[in-house]
Amino acid sequence: MRPDDRRYATTHEWAKIDGDSVIIGITDFAIDELCNGNEGDLVYCDLPEVGRMVEIGETFGEIESVKAVSDLQAPITGEVVEVNPVIEDHLQVLAEDTWGKGWMVRIRSKAPNLDHMLDAAAYEEHVAAAH
Amino acid sequence: MQQTPLHSVHERLGARMVEFGGWHMPVQYGPILDEVRCVREKVGLFDLSHMGRFRLTGADRISALDKIVTTFVGRIPVDSIRYGLICQEDGGALDDILVYRGEEDVFLVVNASNTERDMAWLKEHLAGANVSLEDQTDELAMLALQGQDSVATLQTVVEDLDLLTIGYYKSGFGTLCGLPNVRVSRTGYTGEDGFEIYFDSGESERVWNALMEAGAQYGLKPIGLGARDTLRLEAGMSLYGHEISETRNPIEAGLSFGISFHEDKGDWIGRDALAQIKANPTNKLVGVTTDGKRAPREGYPVMSGDEQIGVVCSGAISPTLSKNIGTAYVPLAFSEAGTKVQMDLRGKRQDLTVTDLPFYSRKR
């Protein structure tokens, strides 16, 4: 079971409320789809600049593996206030600590609300249906 | 989705399976770049049973086919193989194919995604001729062994046929794993020496296992479609749906070696259109390389200043060149090797250098 302290998008991002902002990452399922258990197959992650405004559903970045590029979609509207500096040179952190050190961006939102996203149980079903 | 007779073998090997041309196929068994290196340095085994295979017999098989395909079938020596295309009247490519000229038949290998359409097209244009057209896709398995140790690996399981006597783009028949009369050709889609074999699909698993065992001492690995795509791109080979399509002509794709305008071949579908393009081409398929972090990917705009001059057809991370590579159609003015252009990554730019194809050729 995936952590139930956060919400999930059908496009495989996770979002966790932390004070007045929301931390965003991607799920183990997304990572496995990209690299099939071979974390060396991840080659690049393009993340936004701090200060950028993103709308819900907007592409805020891209992650690339040897064979594919996937869009990263913002699950909420707000301002990017922090970007994980570790990812650029250490992509393996995404696979090694998906729910913690593998976070991607922090977005500040006026009233952070993730009710439109899936909880862990619903995401589990969503992923099972994708197989 | 269709499955090859080796589907459960791939799953047992832990392959990641994807849809490709209507088939459920292995894209990788392990890291893609390792699979590419294995073929470049040792030997790899591919299940290609998804590819379409047709057999033509009958008195008119050669003359009738010469009106449909770009290759001069009548001039192919027996037991030789030629690359060619099936084109529309306007010169757009319906498919690219291999033509095997046999003593009593012509054997065609076509792309999986186009098998049905090719069959319908051939039937329509062979109507009235004394030709019998048989779809052998299901009854035959197709495997490829590619890499410098493919001769040694395959010879272990082939009796009564010295593989070294089969020249490049030639074929022979031999007894393979006890199966008589198996078609063996020295062909492939990787830029390495290697073979493609065609045999009774009911024997797929037994032959696969025998080859895995025979190649073990050379470091043979099963290779998925992901590495196959990188290997063919490094070797500058076009892939239908990427470099070639209905809306692209094979002249500008650099495939003139597979197109015959010889007067003895007579007229064929697309000849006039392609002759005109050949006399006055406007674009060219080129290679692009980049020292930047991002690999070119299909659909990325190719830019010169603020002007979009082309689009990326295919791209890959090339372990052989240690560079990111791709192909793109560009106007002739930008096609000279060394020309600097850029690709657009949602507003960000990365420099590309135009390069002649292929990126890689094996030393012989």
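Two residues are in contact if their C-beta atoms, placed from the backbone, lie within 7 Å. Residues are numbered from 1 along each chain as its sequence is written, while chains are lettered from A and ligands numbered from 1 in the order in which they are written. The model is predicted: local features need a pLDDT of at least 70 and side-chain atom pairs count only at pLDDT 80 or more, whereas totals for chains, interfaces and linings use all residues.

Confidence is considered before the fold. The model scores ipTM 0.78 and pTM 0.92. By pLDDT, the predictor's confidence in each residue on a scale from 0 to 100, chain A averages 93, with 99% of the residues at 70 or above. The mean for chain B is 97, and 100% of its residues reach 70 or more. Helices (H or I, at least four residues) and strands (E, at least two) are DSSP runs numbered from the N terminus.

In chain A, six strands form an open sheet in the order β1-β2-β3-β9-β8-β5, with antiparallel pairing. Two strands pair if DSSP finds at least two bridges between them. The edge strands of chain A, β1 and β5 (53-54), each pair on one side only. Within the sheet, strand β8 (residues 78-83) and strand β9 (residues 105-108) of chain A are joined in the antiparallel sense by four bridges, and A:Val83 stands opposite A:Val105 in β9(A).

A:Ala95 belongs to helix α2 (residues 93-96) of chain A. A residue is buried if 20 or more other C-beta atoms lie within 10 Å of its own, exposed if 12 or fewer, and partly exposed in between, with C-beta atoms placed from the backbone. A:Ala95 is partly exposed because 19 other C-beta atoms lie within 10 Å. Leaving aside its neighbours within four places in sequence, A:Ala95 is in contact with A:Ile31 and A:Glu39. A:Gly40 is 55 residues from A:Ala95 in sequence, and the two C-alpha atoms are 10.0 Å apart in space.

Between the chains, ten residues of chain A are in contact with 13 residues of chain B. On the side of chain A that touches chain B, four residues are nonpolar, three polar and three charged. Here Ala, Val, Leu, Ile, Met, Phe, Trp, Tyr, Cys and Pro count as nonpolar, Asp, Glu, Lys and Arg as charged, and the others, Gly among them, as polar.

Chain B is assigned domain 1 (7-49 + 138-234) and domain 2 (282-364); such bounds come from an automatic or database domain assignment. The C-alpha centres of these two domains of chain B lie 30 Å apart. Ten residues of domain 1 of chain B are in contact with 14 residues of domain 2 of chain B. On the domain 1 side, α2 and α7 of chain B each supply at least two residues, and the classes are three nonpolar, two polar and five charged.

Helix α7 (residues 225-234) of chain B is mostly covered, with ten of its ten residues buried. Among the elements of chain B against which these buried residues pack are α2 (32-41), β17 (307-318) and β18 (323-331). Just after α7(B), B:Gly236 takes a positive phi of about 70 degrees.

Strand β13 (residues 194-200) of chain B has six of its seven residues buried, so it is largely enclosed by the rest of the structure. Strand β9 (residues 140-146) of chain B runs antiparallel to β13(B) and is joined to it by seven bridges; B:Leu145 has B:Phe195 as its bridge partner. Strand β12 (residues 179-185) of chain B also pairs with β13(B) in the antiparallel sense, over three bridges, and B:Val184 stands opposite B:Ile197.

A nonpolar core is a set of buried Ala, Val, Leu, Ile, Met, Phe, Trp, Tyr and Cys residues joined through C-beta atoms within 7 Å. The largest such core has 97 residues, of which B:Ile97, B:Val99, B:Leu108 and B:Leu143 touch the most other members. Strand β6 (residues 93-101) of chain B gives the most to this core, with six residues. Domain 1 and domain 2 of chain B each contribute at least three residues to this core. Apart from it lies another core, of 28 residues, including A:Ile24, A:Ala30, A:Phe60 and A:Trp103.
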